[in-house]
Amino acid sequence: MESDKPGLPRSGSGPGSWKPVLGLVDPAEAAPPTADWREWAAKAVPGTVFDQPEPEELIELTVIVPARNEEDCLGDCLKSLVSQSENIFELGKDWDLIVVDDGSTDRTAAIARGFAGVTVIAAEKLEAGQLGRMWTGKNNAVWTAARRARGRWLLFTDADTIHEPGGLRHAMHEAERYKVGVLSYSPRQIVIGLAQRSLMPLVFCELALAYPPAKVSDPSQRIAAANGQFLLVEREAYRKLGGHASVAGEVLEDVALAVLAKRRRVGLRFRYADDIVSARMYRTTAAMVEGWTKNLKLLFNNALTLAIFRALDIFLLFGLPVLAFELWNARLGAHGLEWLGAGWILALLWLRTLFRFYRRVAKSNFPFLDCAISTLGLPLFVVLLYRSWFQHRILKRVSWKGREYKG
């Protein structure tokens, strides 16, 4: 394996030569909002270089799937990807698919090898102390594959995703149409069980409010976001971002890359894409608790404040009806009418709170029934927001899939 350490570029631009990455310095000149990022980026001052040999011939796309103990979902993911091979977009000829086994102890690697045309590699071994401090496991895994990629486009997608027919080609065409170097889709989320169905709409409505896709995709806005479940990056844009090496220790590497894409003006587009990809993030409630504990504080800087407001929602949504009912049944003699009127005021306040709550949750893009029962997920959401804040700010550590990372 080549070294990740910065070095000097070799001369020449043909196959086998090293090409620079304009990733570790931010150019002072801003790109015009309507310009093709390639025209602007060509004028940028070169930055630090990483070693990446150019293949003899580029193909259209390289799909990279990092996988760590994913035997319960990897098969469905690869089936949906491999099935997209067709005469005009043939797997192994026009595009390739790499699964990176990130130290799995189950049948993950064996399942991947069972699919014709899929290349299976092992994540590069890091020196003692690097994993968990300098690198996260996922970043190391995708970086291992990205440095071997032959595609003009690189798609980083998780093992828990399901891709709709034609989705890969559609994504590349969409990125070309909007002249962006980075395209990310937020998948349709597949949820099961009461805990997931009531909690997930709450999380995703807050995400939609904190990271409005229209603003994320607007080059004049500073808001940046991406979803690592589907992250498509043009080859030269990936160089200019510094690749995953530039966000090696970031737990939310997708958002970090999106921030770099905005800063370095390579063009970023982000949208909800239920027509392209779906995902089942968590198989168990325990995994969901661990996952959101890892992510919520990083996604919401105001996680503790948000927890307080959602706790207030619990009081208003469940407490106001009780207070109103008590006032309606008050036995206060001559003042009974006044207390009855106060009860109706509280009832109207409750209806207004309920309307505003469901208007927010509707932005989650979850089905009606899941949104309807989301009030039941509020206590768990409050606990997870606080737990994430506590582990990141106080304990300064989080865990995921048997690994511990600094918070």
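Let me begin with Lys 396, which counts as exposed because its relative accessibility is 51%, and the cut-off for exposed is over 50%. This is a predicted model, and I will keep that in view as we go along. Lys 396 sits in the loop that runs between helix 14, residues 378-395, and strand 11, residues 397-400, and its phi is near 60 degrees, a positive value in a residue other than glycine.

A second residue of this kind is Asn 365, where phi is near 65 degrees, again positive in a residue other than glycine. Asn 365 belongs to the loop between helix 12, which covers 336-361, and helix 13, which covers 368-372, and with a relative accessibility of 41% it counts as partly exposed.

A positive phi also turns up at Arg 265, near 55 degrees, and this residue follows helix 9. How many of the 11 residues of helix 9 are buried? Nine of them are, so to speak, under cover, and the helix, residues 253-263, is mostly covered. Among the buried residues are Val 255, Ala 256, Leu 257 and Leu 260, but the list also includes Glu 253, Asp 254 and Lys 262.

Let me close with the surface, where Phe 309, Leu 312, Phe 315 and Leu 323 form a nonpolar patch whose accessible area comes to about 390 Å² together. Phe 315, to take one of these, is placed in helix 11, residues 303-328, and it counts as partly exposed, because its relative accessibility is 47%.

How values were computed. Residues are numbered from 1 along each chain as its sequence is written. This is a predicted model: local features need pLDDT of at least 70, side-chain atom pairs count only at pLDDT 80 or more; totals for chains, interfaces and linings use all residues. Side-chain values use heavy atoms; hydrogens and water are left out. Patches are made of residues with over 30% relative accessible area and no salt bridge: like charges are joined within 9 Å, nonpolar side chains (Val, Leu, Ile, Met, Phe, Trp, Tyr) within 5 Å. Accessible areas come from the Shrake-Rupley method with a 1.4 Å probe; for residues, only the protein chains shown count as cover. A salt bridge is a side-chain nitrogen of Lys or Arg within 4 Å of a carboxyl oxygen of Asp or Glu. Helices (H or I, at least four residues) and strands (E, at least two) are DSSP runs, numbered from the N terminus. Buried means under 20% relative accessible area, exposed over 50%, partly exposed in between (1.4 Å probe, protein chains only).
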